[in-house]
Amino acid sequence: MKRITIIGISGKLGQYMTEHALSRGYAVTGVCRPESVDKLARFGKRINVIPGSTSDPEVLRKAMQEADGVLTVLVPWGRDRMATRMAEAVLKYAKPDARLIFSCGWHVRLEDADRYPLKERIMSWIFGRIAKLTQIADIDDQEVAAQLVFGSDRDWTIVRASDLEEGETEGLPVWAANVGDPILASNRTRRTDFALFMVHALTDASLSQKAPAIVSRAAQSARDHRQATLLTTHT
């Protein structure tokens, strides 16, 4: 893994991914809106930035043409199928052997084994309806985009994040195969650690064609899980 492309590089998650990628020696190309390029000034000439829409197929094709890995911030902003168009372009134009990592939230369902508490389902429904009415975002679009990825035979991973918070790193998050696993109960992850897991996934073959749901390794539910595992091991 030498060259990577970050689609949505100017956002908070994108910038954290850039920091982690550069620390690992990757050559980084990023795509962001022209008006957001200045947000990346601190990286200087260490990265190559291609201004343009993150859902424009031609912009993405140009950005990914030499990439060994692609990190995509799969956002559902607006009402123009942004997330779906991003996923379609990445799946179509990334190199055949490229590692494709996508970000989204827990709400995206991989299989029936994903279990969502009633409160979470209600909150997700309310937020989704408000976002649609105000045309801020279309959560359903992110679900459609994820299903496109799930149905692909490419080397993909979709990282499903819990609620995000700012703060110093707490280390690489832990993950479960399905939402609803007790290890995820604390529902919190540092945003920098979400980015760290995204970059980590580029070289973790065990995550290929999986949708890990992550939580901070320092969260109470993760600590409880480790303690329970130790007790089981020694009994």
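In this presentation, a residue is called buried when its relative accessible area is under 20%, exposed when that area is over 50%, and partly exposed in between, with a 1.4 Å probe and protein chains only. By that definition Ile139 is buried, because its relative accessible area is 15%.

Good morning. The structure before you is a predicted model, in which local features need pLDDT of at least 70 and side-chain atom pairs count only at pLDDT 80 or more, while totals for chains, interfaces and linings use all residues. Residues are numbered from 1 along each chain as its sequence is written, and side-chain values use heavy atoms, with hydrogens and water left out.

Let me start with the chain as a whole. It has seven helices and ten strands; helices (H or I, at least four residues) and strands (E, at least two) are DSSP runs, numbered from the N terminus. Of its 235 residues, 49% count as buried. A contact means heavy atoms within 4.5 Å. Among the contacts in the chain with a separation of 6 or more, 74% are between residues 24 or more positions apart.

Ile139, with which I opened, lies in helix 5, residues 139–150.

I now turn to the helix pairs. Two packed helices are described by the angle between their axes and the distance between the axes. Here the axes are lines fitted to C-alpha atoms, for helices over the stretch in contact, and angles run from 0 to 180 degrees between N-to-C directions. Angles under 35 degrees count as roughly parallel, over 145 as roughly antiparallel, 65 to 115 as roughly perpendicular, and the rest as oblique. A crossing is left-handed if the near helix is turned anticlockwise from the far one by less than a right angle, and right-handed if clockwise. For residue classes, Ala, Val, Leu, Ile, Met, Phe, Trp, Tyr, Cys and Pro count as nonpolar, Asp, Glu, Lys and Arg as charged, and the others, Gly among them, as polar.

How do helix 3 and helix 5 lie relative to each other? Their axes come within 7 Å and cross at roughly 20 degrees, which means that helix 3 is roughly parallel to helix 5. The crossing is right-handed. On the side of helix 3, Met82, Ala83, Thr84, Ala87, Glu88 and Leu91 take part, and they meet Asp141, Gln142, Val144, Ala145, Leu148 and Val149 of helix 5. By class, these residues are eight nonpolar, two polar and two charged.

Helix 3 (residues 82–93) also meets helix 2 (residues 57–64), where the axes come within 9 Å and cross at roughly 40 degrees. This pair is therefore oblique, and the crossing is right-handed. Pro57, Glu58, Leu60, Arg61 and Met64 of helix 2 are in contact with Met86, Ala89, Val90 and Tyr93 of helix 3. That contact holds seven nonpolar, no polar and two charged residues.

How much of helix 6 is buried? Eleven of the eleven residues in helix 6 (residues 191–201) are buried, so this helix is largely enclosed by the rest of the structure.

Arg160 is found in strand 6, residues 155–161, and is buried because its relative accessible area is 0%. Its side chain reaches the backbone oxygen of Ala177 at 3.1 Å. Asn178 sits in the loop between strand 8 (174–176) and strand 9 (189–190) and is buried, at 18%. Leaving aside residues up to four places away in sequence, Asn178 touches Glu111, Ala113, Asp114, Arg160 and Leu184.

Finally, the backbone. Most residues other than glycine have a negative phi. Asn187, however, has a phi near 55 degrees; this residue is in the loop between strand 8 and strand 9 and is partly exposed, at 22%. Gln209 likewise has a positive phi of about 55 degrees. Gln209 belongs to the loop between helix 6 and strand 10 (213–215) and is partly exposed, with a relative accessible area of 40%. Thank you.

Terms used. A polar contact is a pair of N or O atoms within 3.5 Å; within protein, one must be able to donate a hydrogen and the other to accept it, and residues adjacent in sequence count only if both atoms are side-chain atoms.
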